[in-house]
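Student: I have a structure to study and would like to talk it through. Could you show it to me, please?

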Amino acid sequence: MAYVIRAIDRPGALDIRTANRQAHIAFLKAAGDRLLLAGPLLSEAGEMAGSLLVVDMDSPADVASWLADDPYSAAGLFEAVEITAFKPVITSFKSD
């Protein structure tokens, strides 16, 4: 089943995000086909302020367990994390 992860950074934590970004990207790449989509959420100023991930996993508990190993999570970057079941209907996506 697909799940959307919406993770909001703690205020003033851009330095934590920047310091852990390469390890985070490596973690995401290691997910293989389970990771359907990933990218940063942006503030009004255009700065990274959170993460949006869409993953294919068996349960919300599996998602939470996987996410706990994310270097961003381990570094305490996130103020809030939401995991929501998602049913993809239209899958065409274009990015800049």
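This is a predicted model: local features need pLDDT of at least 70, side-chain atom pairs count only at pLDDT 80 or more; totals for chains, interfaces and linings use all residues.

Student: How many salt bridges does the count come to?

Tutor: The count comes to one salt bridge. The term stands for a side-chain nitrogen of Lys or Arg within 4 Å of a carboxyl oxygen of Asp or Glu. In general, side chains of opposite charge can pair when their charged atoms come close.

Student: Which residue forms a salt bridge with aspartate 9?

Tutor: Arginine 17 does, and the closest N and O atoms are 2.7 Å apart. The two side chains also make a polar contact at 2.7 Å. A polar contact is a pair of N or O atoms within 3.5 Å; within protein, one must be able to donate a hydrogen and the other to accept it, and residues adjacent in sequence count only if both atoms are side-chain atoms.

Student: Where does aspartate 9 lie, and is aspartate 9 buried or exposed?

Tutor: Aspartate 9 belongs to strand β1, residues 2–9. Helices (H or I, at least four residues) and strands (E, at least two) are DSSP runs, numbered from the N terminus. Aspartate 9 counts as buried because its relative accessibility is 8%. Buried means under 20% relative accessible area, exposed over 50%, and partly exposed in between, with a 1.4 Å probe and protein chains only. Arginine 17, at 2% relative accessibility, is buried as well.

Student: What about aspartate 70?

Tutor: Aspartate 70 lies in the loop between α2 and α3 (71–74). This residue is buried yet has no salt bridge. The nearest side chain of opposite charge is arginine 17, 8.2 Å away. Here Lys and Arg count as positive and Asp and Glu as negative, while His and the chain ends are not counted.

Student: Which backbone nitrogen lies 2.9 Å from a polar atom of the side chain of aspartate 70?

Tutor: That nitrogen belongs to tyrosine 72.

Student: Let me turn to the surface. Which residues gather in a patch of negative charge there?

Tutor: Asp33, Asp56, Asp58 and Asp62 form that patch. Patches are made of residues with over 30% relative accessible area and no salt bridge; like charges are joined within 9 Å, and nonpolar side chains (Val, Leu, Ile, Met, Phe, Trp, Tyr) within 5 Å. The place of a charge is taken as NZ of Lys, CZ of Arg, CG of Asp or CD of Glu.

Student: Where is aspartate 62?

Tutor: Aspartate 62 sits in helix α2, residues 60–68, and is partly exposed at 37% relative accessible area.

Student: Now distances. How far apart are methionine 48 and leucine 14 in space?

Tutor: Their C-alpha atoms are 7.3 Å apart, although 34 residues separate them in sequence. Methionine 48 is in strand β3 and is partly exposed, at 24% relative accessibility.

Student: And what separates alanine 74 from phenylalanine 93?

Tutor: Those C-alpha atoms are separated by 30 Å, with the residues 19 apart along the chain. Alanine 74 lies in helix α3 and is exposed, with a relative accessible area of 65%.

Student: Where does alanine 23 lie?

Tutor: Alanine 23 is part of helix α1, residues 14–30. Its C-alpha atom is 29 Å from that of lysine 87, 64 residues away in sequence.

Methods. Residues are numbered from 1 along each chain as its sequence is written. Side-chain values use heavy atoms; hydrogens and water are left out. Accessible areas come from the Shrake-Rupley method with a 1.4 Å probe; for residues, only the protein chains shown count as cover.
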